[in-house]
Amino acid sequence: MIKRRFENETVDVVIVGAGAAGGVLAKELSEAGMSVVVLDAGPIRDPQHDFASDELSMKQLGWQDTRIVDGRHPLEMGHNNSGFGVGGGTLHFTGVFLRFHESDFKTKSIDGVGEDWPIHYKDLEPYYTKIEKEIAVSGPRYFPWGNFNGPYPYPERDPLSPNAYLFQKGCEQLGIPSVTAPLAILSAPFEGRPPCINRGFCNQGCMPNSKFSTLIVHIPKALKAGAEVLSECMATQIILGPDGRASGVLFHHKGKEYRQKANLVILCAYVVETPRLLLNSFTPSHPDGLANSSGWVGRGIMTHSSYDVYAKFEDEVRVYKGTPVLATTQHFYESDKERGFMRGYTLHAHGARPLSFAKGIVKSGTPVPLWGPKLRESMLDYNYYGRSTMVGEVLPHENNRIALARDKDQYGMPRAKVTFSYGENDLKLIEHAVIQMKNIWEAVGGKTEFVVPDSAHLMGGCRMGANSSDSVVNSFGQTHDIPNLYICDASIFVTSGGGNPTNTVMALASRTADHLIGKAVRHEL
């Protein structure tokens, strides 16, 4: 039997999902005096006892439930794009903490592709700054791209890994500027947390708590302010009252169904589960799912193209050493028509643990996957490889979508069907990025051995916009159809940008929190 302080109460806010956005909202709304309940489908973990420097066991940090994939380029679901547990994807992300550029919000106006957001960079700028200070982001004194050029709250990480130094040297040889990556990883003590010691297992959860996650930063502060966080509670339906407003959420915990009543419902369940929950909450008055009068719930999903290039060197690199991403360049971030495609990408020097290396290079073989003696020989040379990866912008397309499959899960919910195909522009961008990565490694004596097709990060599916006919929410995440139902996660992204999205997810959440606190003060909720 689940113990609940608010079991028979109608709370001010129920938040579904305790990841990057849900954690920020829980903290800020509870500290403003609101009664808040957070539901998360996964467990709540203790980093010192529940994390391990083990790739296989820590796959549990990613969403492992079956999802149906489709399209010309089906996405690999799980650890690389969905978190599972209180803290969500912040438990196992690399910690790269980049801002979007002004151009990311105006791709249609500037480059004639994608769509424009209903907000500008300047609308998020104070929230970027707030979040970066709140978690003590470390970064270079000068960041040469985009609207924000530094300095960051904490100094850049030092020393770098051998892989990062090689990457920077290769960039220098080609005249490509590069910097130490901005990271949500401490370079000095902060709020009782120690600085990073370069264990390198960021993707398996940070045991020392040097890397930020909402599990260790925002959730404890929300609990201290009176919020209630319910783990292992799977939300299955949003409930509507007779007035057509959201009145709460149905959820399952250990085989039993519960109801949490609330005056305000906020979905922070990420790009697959947020549309899935909306579509599964259909009613006679909303036969196509909640907040879906536009037909855009689940549509326009995006990933980042994340191809890896592995180059072999004569001397040992030991790509497992240090924080995975320690060097980066956004030299190719903005559009350049001479390249033959629009928009751009970020390149990272990116470490790899042995199993992820093996899993990656197996996929590199064309048309036959790498296997048998050749795989074994490559693994024996693991220490001699350098790795870089791209974070490539993918343009939104309405046929890339989340829908409900016929199969049902253990809760009786239809499973998510994820359909995805790259467009022509996306493929040209990938080709260009792979060539640049090869050039960088070859400039320092590396020989490209493997190009691994991959993707990372999910965005879109409930995009924001000013017009209710072609978007799901307004700029604050308020659904056009149901005024007290909000969405605040990466599903509201209009475009994907060419850099890691977590900073933007959290900045949007902080902006929405300010909006809701202001409405509460004015008695408008």
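This is a predicted model: local features need pLDDT of at least 70, side-chain atom pairs count only at pLDDT 80 or more; totals for chains, interfaces and linings use all residues.
Student: OK, helix 4. How many residues does it have?

Tutor: Helix 4 has 15 residues, 121-135. Helices here are DSSP runs of H or I with at least four residues, strands are runs of E with at least two, and both are numbered from the N terminus. From first C-alpha to last, helix 4 reaches 21 Å, close to the 21 Å expected; that expected span is 1.5 Å times one less than the number of residues.

Student: Which of its residues are buried?

Tutor: Tyr 121, Leu 124, Tyr 127, Tyr 128, Ile 131, Glu 132, Glu 134 and Ile 135. Buried means under 20% relative accessible area, exposed is over 50%, and partly exposed is in between, using a 1.4 Å probe and protein chains only. As background, an α-helix has 3.6 residues a turn, so residues three or four places apart point the same way.

Student: And what covers them?

Tutor: The cover includes helix 1 (20-31), helix 6 (218-224) and helix 11 (502-521). Contact here means heavy atoms within 4.5 Å.

Student: Where else does a residue other than glycine have a positive phi?

Tutor: Asn 198 is one of them, with phi near 60 degrees. Asn 198 sits in the loop between strand 6 (179-180) and helix 6. Arg 343 is another, at about 70 degrees, in the loop between strand 13 (325-329) and strand 14 (345-350).

Student: Is Arg 343 buried or exposed?

Tutor: Arg 343 counts as buried, at 1% relative accessibility. Asn 198 is partly exposed, at 24%.

Student: Switching to prolines: which residue is joined to Pro 151 by a cis peptide bond?

Tutor: Gly 150, with omega about 0 degrees. Pro 151 is in the loop between strand 4 (138-139) and strand 5 (154-155). The bond from Asp 158 to Pro 159 is cis too, with omega near 5 degrees, and Pro 159 is in the loop between strand 5 and helix 5 (162-173).

Student: Last topic, the open sheet. What's the order of its three strands?

Tutor: The order is 3-17-16, with mixed pairing. Two strands pair if DSSP finds at least two bridges between them. Strand 3 (68-70) and strand 16 (401-408) are the edges, each pairing on one side only.

Student: How many bridges join strand 3 to strand 17?

Tutor: Three, and those two strands run parallel. Asp 70 has Thr 419 in strand 17 as its bridge partner.

Student: Which helix packs on the sheet?

Tutor: Helix 7 (residues 270-280), which touches strand 16 and strand 17. Its direction makes about 65 degrees with that of strand 16; axes are lines fitted to C-alpha atoms, for helices over the stretch in contact, and angles run from 0 to 180 degrees between N-to-C directions.

Methods:
Residues are numbered from 1 along each chain as its sequence is written. Side-chain values use heavy atoms; hydrogens and water are left out.
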